[in-house]
Amino acid sequence: MQFPGRRKKVIGSSQNDLYDHCLQFYGQPPLENISLTEFETFAVERLKLLKSVENIGVSYVKNSEQYVKKLDAEFSSLNFPLRTELGDRRVQGGTSEYEKRRKDHISHFILRLAYCQTEDLRRWFIQQEMDLFRYRFGELTSKHKTDFLHKNNLKYETVSAEEKKSLKDKLITSSYGLSGITVEEYDFYKVPFQDALDLVRTRKVYLLAGNAYIPHHEIVTIVLNDFRTRLSKALAMTARSLPAVQSDERLQPLLSHLSHAYVGQDYSIQKNMGKISLEQIDALSGKSFPLCMRHLHKALRENHHLRHGGRMQYGLFLKGIGLTLDQALQFWRSEFVKGKVDADKFDKAYAYSVRHMFGKEGKRTDYTPYSCMKVILSNPPSQGDYHGCPFRHSDPELLKQKLQNYKVSPSGINQLLPMLAEILELVKGMHYQLACQKYFELTHNVEDAGFSLNHPNQYFTESQKLLGGGLEIKKEVDMSQRSQENPANMTRPSQANSKQAHEEMGDLDSFFQDE
Amino acid sequence: MSTSDYDPACLPDLLPLYYRRLFPFSQYYRWLSYGGVSKNYFQNREFSFTLKDDIYVRYQSFTTQNELEKEMQKMVPYKIDIGAVYSHRPSQHNAVKSGTFQALEKELVFDIDMTDYDDVRRCCSAADICSKCWTLMTIAIRILDRALREDFGFHHLLWVYSGRRGVHCWVCDDAARKLSVAARSAVAEYLSLVKGGEETVRKVVLSDPIHPFINHSLSVVERYFQQYAIVDQDILGSKESVDKVLAVFPVDRYFFKEGSSVSYDLHFSCVSVKSNSKKGGQYFDKEIMLQYCYPRLDVNVSKGVNHLLKSPFSVHPKTGRISVPIDLKELDTFDPFEVPTISLICEELEKPRAEEAEEDDMKDKENEQEAGERRRIRDYKRTSLAKYVKVFDRFLEAMARSRKGEMLKKSGEIEKDSVFHIHLILAFTLQMD
């Protein structure tokens with residue numbers, strides 16, 4: 001793998017050859033020199049794009065009007081290629097299509113360096129790149145799609161007209177939204193079933209003699225699988241070459257900065273250890289805890305007990321807001337002892353699991369507090385459990401009652417009912433994190449939360465920030481906060497962006513004076 | 001009486017005899033070697049044995065057919081499972097650097113177990129089976145066999161009676177053995193229609209359009225439904241069971257004509273259903289038939305490349321029955337209760353030998369090993385095991401023919417290439433003049 005920024009010979013290729021399609025599989029790494037400035041700018045902007053892809057994907061139904069609108073806006077403001085022809089008129093003073101494609105190419109490879117190191121990073125990167133690819137491929141015209149397939153050696157055989165005719169009825173009944181006419185008109189591809197597993201698994205395709213008969217518009221699923229496999233392999237290879245990159249002092253700090261811009265927010269680094277006292281917890285639970293944790297805390301206080309799922313979710317959250325191991329032990333013991341568990345039994349049975357959470361037992365993994373995605377998607381609660389996401393796992397009626405009871409600020413009574421309705425609408429649409437964000441706005445009496453919620457500890461931190469709470473939020477968090485900002489707010493003109501980037505560059509330049 | 005009284009306590013005496021004189025080792029070895037196309041395919045295959053007193057040993061592997069025989073005769077396993085072909089010899093897996101010992105290939109397998117149908121069969125439950133519910137296996141085999149061949153393009157399927165309450169399918173094609181975990185799970189899910197556990201009442205949900213695969217499966221079910229469900233299982237025979245059937249409908253009201261005659265036809269003409277539901281309920285008759293009859297397979301068995309499955313020709317310790325291959329040409333007359341038990345075939349061995357056998361005795365004197373094998377072949381031929389080994393032989397023949405066809409094709413291609421090559425050279429030399 002060759003890295004930009006090192007002295008490598010430039011391969012002179014004509015503009016048109018290198019980037020002849022607005023979409024690519026990123027098979028070949030870039031082979032040119034670029035400045036460190038470009039290196040960082042490109043990387044940061046792609047990261048912003050990927051984060052937007054993630055946020056917008058969570059906030060809006062994929063491919064809905066709003067989704068498309070928001071994502072398109074991101075593409076233009078960040079100057080990434082979308083669907084234009086190479087020869088298109090250059091917008092006055094803007095970036096040419098060629099330049100956009102070059103940026104797309106280079107930035108992807110830089111981020112590979114930053115995101116190949118751990119399983120989590122890789123998974124996140126692959127997921128966002130796939131969503132990005134899926135969106136861009138979907139926006140291509142039919143002709144461009146076919147072009148892309150051919151250029152990338154995806155030689156999927158098209159089904160002959162005769163065969164289509166003989167299989168017409170079967171084709172119609174096996175793929176959604178097809179009719180006799182469309183079967184005749186559309187191209188169908190014959191793909192070995194092993195390359196179309198998602199469609200096979202859900203029985204959304206016609207299978208005959210080991211081949212899947214894929215209509216043209218479904219070919220994206222196949223292509224995506226291919227994309228994922230290639231990228232996964234590439235990342236594994238990149239990880240192996242990483243030591244060579246990391247030895248380059250100019251690149252190392254940049255790359256770790258980039259990956260922390262995402263990873264730093266998993267709250268595994270306890271920035272505020274010991275800054276909370278146990279007495280504060282009750283008050284904090286009402287003011288700054290997200291609904292899920294407030295719910296867990298209340299259940300714990302009432303029943304003097306929580307089951308495993310609840311202990312994990314809540315216990316790790318408490319660790320994330322700054323409880324030390326000793327505090328945690330004291331907290332859990334004092335509560336459990338009020339119930340059916342005596343001190344002895346607590347020490348024997350439950351203390352171990354608390355210590356385990358802090359990485360002091362077993363394989364000593366320091367467990368990270370659960371993100372919203374994790375809470376929503378894994379381990380749904382059953383009878384007697386209080387964990388999970390109330391917006392996802394509670395019955396809407398119960399949720400409504402709970403929300404009415406929990407409303408904090410008295411001045412917002414007029415706002416309460418419409419807000420509640422909004423929240424329930426979001427829940428119905430499965431936008432649980434957005435619903436929680438609305439809950440934040442409701443309880444803190446603000447119009448806009450100012451952040452895109454994806455972690456319970458983030459909720460707490462933001463809440464404390466807003467309330468000017470007694471905890472010092474370290475400055476390091478700021479850089480990553482910026483990249484997490486609500487995309488709706490990212491309509492700052494690009495000049496401001498580059499000015500900001502320039503300022504950062506300024507610092508970096510002085511950092512690398514011995515260059 | 002086709003099955004001797006089998007007593008598990010006799011296993012310690014019967015098994016050694018079975019492994020010495022009846023187990024079809026040469027066919028077994030032939031199967032698992034797959035023509036010797038891949039190097040060390042047999043040597044890197046994992047077997048697991050369950051020995052007396054439930055001692056379970058994994059990572060058994062053997063270098064030759066002879067070694068396999070000797071070990072099995074020595075260890076006398078009560079159960080034999082076949083696992084994957086690994087990257088190294090399983091018996092040496094501890095000596096391999098951690099992480100490099102990996103399962104590479106295995107047949108694609110399916111396990112249909114009668115207990116998974118307990119909620120829809122009235123005649124038996126748990127490990128019991130009878131002729132009335134055995135039809136479920138027949139239906140399962142027909143549906144899956146068709147789908148695996150026609151939809152997925154597989155050719156070499158071995159269906160085996162598990163020995164007690166189900167059947168297994170071993171898909172042995174090259175392509176099948178090389179499938180990834182994701183692919184196996186996708187195939188299993190494609191083939192799954194009945195979903196849900198205890199709490200799910202309506203386990204089959206059909207919506208437009210109905211996929212050709214479902215239609216094919218339905219036509220198989222419909223062929224058997226009248227006899228199986230209405231007559232044998234008598235699902236409309238009592239109010240209780242009718243209620244159970246109707247509980248699956250997503251409808252609000254229904255009424256049932258009391259006092260009608262016993263036989264109901266496929267379309268529940270005696271039952272009128274008022275459907276108030278917005279969608280669904282239009283295919284309720286199909287859904288009911290599928291819920292009662294469609295094959296229920298355990299996806300987990302099929303998913304794993306390293307999953308171990310009971311070996312054909314192993315003995316079922318509880319019933320004594322041999323896991324025999326099923327001849328699909330005689331599927332409708334297959335009777336699990338006619339499958340020979342180990343006690344039966346051992347008994348048959350003791351019967352006085354036919355005269356032709358004496359001729360072979362002469363030939364034996366010449367070559368010991370061959371003699372042993374020939375004797376063994378004669379031996380099983382005298383027992384009820386014979387016809388099942390024949391099914392296995394045919395299966396192996398078909399694979400061998402197909403391999404030969406592949407090789408011819410490949411060498412034909414190479415030939416074509418080399419001919420072209422020669423033309424090029426000629427063209428060049430001619431040009432140079």
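User: Which residue is the bridge partner of A:Thr158 in β2(A)?

Analyst: Two strands pair if DSSP finds at least two bridges between them, and strands are DSSP runs (E, at least two residues, numbered from the N terminus). In this predicted model, where local features need pLDDT of at least 70 and side-chain atom pairs count only at pLDDT 80 or more, totals for chains, interfaces and linings use all residues. Residues are numbered from 1 along each chain as its sequence is written. The partner of A:Thr158 in β2(A) is A:Tyr189, and 2 bridges join strand β1 (residues 157-158) of chain A to β2(A) in an antiparallel arrangement.

User: Which strand pairs with β2(A) over 5 bridges?

Analyst: That strand is β4 (residues 211-215) of chain A, which pairs with β2(A) in the antiparallel sense; there, A:Val191 has A:Ala212 as its bridge partner in β4(A).

User: How many residues of strand β2 of chain A are buried?

Analyst: Buried means under 20% relative accessible area, exposed over 50%, and partly exposed in between (1.4 Å probe, protein chains only). By that rule, 4 of the 5 residues of strand β2 (residues 188-192) of chain A are buried, so the strand is mostly covered.

User: Which residue forms a salt bridge with A:Arg201?

Analyst: A salt bridge is a side-chain nitrogen of Lys or Arg within 4 Å of a carboxyl oxygen of Asp or Glu. Across the interface of chain A and chain B the rule finds 1 salt bridge, and B:Glu189 forms a salt bridge with A:Arg201, with the closest N and O atoms 3.5 Å apart.

Note on methods: Chains are lettered from A and ligands numbered from 1 in the order in which they are written. Side-chain values use heavy atoms; hydrogens and water are left out.
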